[in-house]
Structure formats: structure tokens, C-alpha cells
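Here is a walk through one protein model. Keep the viewer open and follow along.

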Amino acid sequence: ETLIDPVFLLTVKQWDRLLRYTPDTIGEPYLFLYTFGAGDEIYKLAEYVAEQKKLKLVVVCDKRVDGKHVTQLTNCGPLEFLRLVRNASFVCTTSFHGEAFSILFNRDFYCIGHPIYAQRNMDLAKLCGLEGRMVTEAEDVQEVQGCAFGEVNWILEEKRKKSLEFLKRAIVENW
């Protein structure tokens, strides 16, 4: 049996409880760029979307990004990462967890699959019916559009229920 990724086993309310003690340090609408070990296309995409949406660019990555409307964060732990995704107006990422939490928190996003781990990104997008959020290069996005999360939320809730039921059965049967 295939279970949903553990990220989705908690509800948004449960994740939000973890975030209640982490402050929002940005204070204005922003696009969150989260990437490591990826090519330049993700940076081009983030800059394009931020410009189109008139958003500040907040960056957590392994490369220096300069610009007038850019804030680069270098000390970002797990809770800060969650807060940044939760409060973003838009997310651009190459990371599975950047994609997963964007979906969980219903944040508009684009994902350029990581050069090594892209299949995991694509599998999640297919599961949720969000294949259009996966792009190969910045030029793939001509018009920045939002995501429709109604059906996505229903799919994830069903997968969450089935996964939790399976885990409970597995624990009880093997106790």
C-alpha cells in the first residue's frame, strides 16, 4: 500500500499550532524562493513571477541573489521555513518540501523539479492534479496564474484518512 508523504498526515490546523510562536518577520507580500543545488532557471522564474505579481522576493538558497526588492535569509530553521511558506503570496521551488507545503497551505506555486529528485515532485503534482505547476524553464510561464485548491484539498484529505487508517491497523495488528 502506498501512503501519502508524512507532511500531509498533519492537518493545516496542526501545522499552524507549531507556528504560533514563530513571528512573521517579512511584513509585506512576498514570493518565497526555496531552492538548493539547482540551475539558474528557478531564479529567472522567481524574478519573473515576483515582477508580474509585484512581490518582494524572499530567498532561501545556496546562491547569492541580489536585487532591490530581494531579502536573502541565511539562518532559516524548520519553523522559519514553514512560516515563510505559510505567509507567502507565491512560492517558487525545486524542493519536494517546498512544493508539498505550498500545496498543504494552499499557496500558489511553481516548481522546477530538482535535477536529481524531480520525479518525486512530479509524482506529487500528478497526485494532486497540479501537473501545470511543474515547469522546466522560466519561459514555460507566459501568464502567472493561481492554483485551484478545492479538489486538491479533497484528494489530500482522502489520502490522509486512508494512510492514517492503514498506519493504525498496522500498529494494532503488530502490537
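Where does Asn153 sit? The place of Asn153 is in helix α6, which covers residues 150–173. Keep in mind that this is a predicted model.

Is Asn153 buried, exposed or something in between? Asn153 is partly exposed, with a relative accessible area of 31%. Leave aside residues up to four places away in sequence, and Asn153 touches Ile103 and Asn106. Ile103 is 50 residues from Asn153 along the sequence. In space, the C-alpha atoms of Asn153 and Ile103 are 8.4 Å apart.

Follow the contact to Asn106. Asn106 lies in the loop between α4 (96–104) and β5. Its accessibility is 27%, so Asn106 counts as partly exposed. The backbone deserves a look here. Phi of Asn106 is near 55 degrees, a positive value in a residue other than glycine. Most residues other than glycine have a negative phi.

Lys54 is another case of this kind. Phi of Lys54 is near 55 degrees, again positive in a residue other than glycine. Lys54 is found in the loop between α2 and β2. With a relative accessible area of 73%, Lys54 is exposed.

Which order do the strands take? Five strands form an open sheet in the order β3-β2-β1-β4-β5, and the pairing is parallel. β3 (70–72) and β5 (109–111) stand at the edges. Each has a single partner strand, so one side of each is left without a neighbour in the sheet. Neighbouring strands of this sheet are turned by 15 degrees against each other on average, direction ignored. Strands of a sheet pair through backbone hydrogen bonds, either parallel or antiparallel.

Strand β2 (residues 56–61) runs parallel to β3, and three bridges join them. Val58 has Thr71 in β3 as its bridge partner.

Helix α2 (residues 41–53) lies across β1 (30–35), β2, β4 (90–93) and β5. Its direction runs at about 175 degrees to β1.

Helix α3 also carries a charged contact. Which residue does Arg86 pair with in a salt bridge? Arg86 forms a salt bridge with Asp16, and the closest N and O atoms are 2.7 Å apart. Arg86 lies in helix α3 and Asp16 in helix α1 (residues 12–19), so the pair ties together parts that are 70 residues apart in sequence. The two ends can also be described by accessibility. Arg86 is buried, because its relative accessible area of 18% falls under the 20% cut-off. Asp16, at 26%, counts as partly exposed. Side chains of opposite charge can pair when their charged atoms come close.

How many salt bridges are there? The count comes to six. Two of them bring us back to helix α6.

Glu157 forms a salt bridge with Arg160, with the closest N and O atoms 2.3 Å apart. The two residues are three apart in helix α6, which means that about one helical turn separates them. Glu157 is partly exposed at 29% relative accessibility. Arg160 is buried at 9%.

Glu158 and Lys161 follow. Their side chains meet in a salt bridge at 3.9 Å, N to O. Glu158 and Lys161 are three residues apart in helix α6, so they too are separated by about one helical turn. Glu158 counts as partly exposed, with a relative accessibility of 26%. Lys161 is also partly exposed, at 41%.

Last, the pockets. What is the volume of the largest pocket? The volume is about 210 Å³. Its lining includes Thr2, Leu3, Ile4, Asp5 and Phe8. Phe96, Arg120, Asp123, Leu124, Leu127 and Lys159 line the largest pocket as well. Which helix gives the most to this lining? Helix α5 (residues 118–128) does, with four residues.

Terms used: Residues are numbered from 1 along each chain as its sequence is written. This is a predicted model: local features need pLDDT of at least 70, side-chain atom pairs count only at pLDDT 80 or more; totals for chains, interfaces and linings use all residues. Side-chain values use heavy atoms; hydrogens and water are left out. Buried means under 20% relative accessible area, exposed over 50%, partly exposed in between (1.4 Å probe, protein chains only). Contact means heavy atoms within 4.5 Å. Two strands pair if DSSP finds at least two bridges between them. Axes are lines fitted to C-alpha atoms, for helices over the stretch in contact, and angles run from 0 to 180 degrees between N-to-C directions. A salt bridge is a side-chain nitrogen of Lys or Arg within 4 Å of a carboxyl oxygen of Asp or Glu. On a 1 Å grid over the protein atoms alone, a cavity is a set of points where a 1.4 Å probe fits but cannot get out, and a pocket is an open set with protein on both sides within 12 Å along at least five of seven lines; lining residues have an atom within 4 Å of a point. Grid points are joined across faces, edges and corners, and a volume is the space filled by probe spheres set on the points.
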